[in-house]
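Hi,

Here is the structure I promised to send over. Have a look at it first, and then read on for my notes.

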Amino acid sequence: MLKQSKAFSGFSVNDIQKAKEFYSGILGLDVTDNPMGLIELDIEGGNHIVIYPKPNHVPATFTILNFPVKNIDEAVDELIKKGITFEQYEEPIKTDKKGICRGGGKGPNIAWFKDPAGNILSVIEEK
């Protein structure tokens with residue numbers, strides 16, 4: 001029944017206007033206003049991600065959205081120039097001074113950062 005369904009995802013934020021400014025202005029994504037007071041991220045491939053306001057929003061403790069990139073160092077450098085601060089983690093997913101966890105053949109190179117609502121996002125290097 002759901003096999004042919006074109007699924008989409010959504011997550012909450014505590015300030016929809018700040019989210020709109022962050023996702024469009026800083027990350028450069030196409031953001032569409034939804035008449036229900038939501039915003040939608042228009043991402044590559046035609047799917048949408050719904051972002052909805054929630055007054056008692058609590059950020060997830062896991063990555064909610066991954067952005068595949070061809071070169072993680074270039075992506076991280078560009079985002080740092082736009083004011084993004086990358087998370088720093090210790091073992092077992094230790095990050096370097098730029099905030100990149102180097103997979104070293106055991107996994108992808110990945111760097112995590114947060115949106116204004118505290119949701120965890122990542123850039124992850126495609127192989």
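Below is what turned up, starting with the overall fold and ending with the aromatic rings.

Keep in mind that this is a predicted model. The chain has two helices and eight strands, and from the N terminus they come in the order β-α-β-β-β-β-α-β-β-β.

On overall shape, a compact globule of 127 residues would have a radius of gyration near 14 Å, and the chain has 15 Å, so the two agree. The C-alpha trace spans about 45 × 35 × 25 Å along its principal axes. Of the 127 residues, 37% are buried. If you take contacts between residues at least 6 apart in sequence, 53% of them join residues at least 24 apart.

As for the surface, the chain exposes about 8,100 Å², with 54% of that coming from carbon and sulfur atoms. There are 15 positive and 18 negative charges, and their mean positions sit 4 Å apart.

Now the rings: the structure holds four aromatic pairs. One of them is Phe 22 with Tyr 23, edge-to-face because the ring centres are 5.1 Å apart and the planes stand at 90°.

Tyr 89 is partly exposed, at 23% relative accessible area, whereas Trp 112 counts as buried at 10%.

Cheers

Conventions
Residues numbered from 1 in each chain as written. Predicted model: local features only at pLDDT ≥ 70, side-chain atom pairs only at ≥ 80, totals over all residues. Heavy atoms only, no water. Helix = DSSP H or I, 4+ residues; strand = E, 2+ residues; numbered from the N terminus. Rg over C-alpha atoms; globule rule 2.2 N^0.38 Å. Buried < 20%, exposed > 50% of the residue type's maximum accessible area, 1.4 Å probe, protein only. Contact = heavy atoms within 4.5 Å. Areas by Shrake-Rupley, 256 points an atom, 1.4 Å probe, with all protein chains shown as cover. Lys, Arg positive; Asp, Glu negative; His and termini not counted. Charge placed at Lys NZ, Arg CZ, Asp CG, Glu CD. Phe/Tyr/Trp six-rings, centres within 6.5 Å; stacked < 30°, edge-to-face > 60°.
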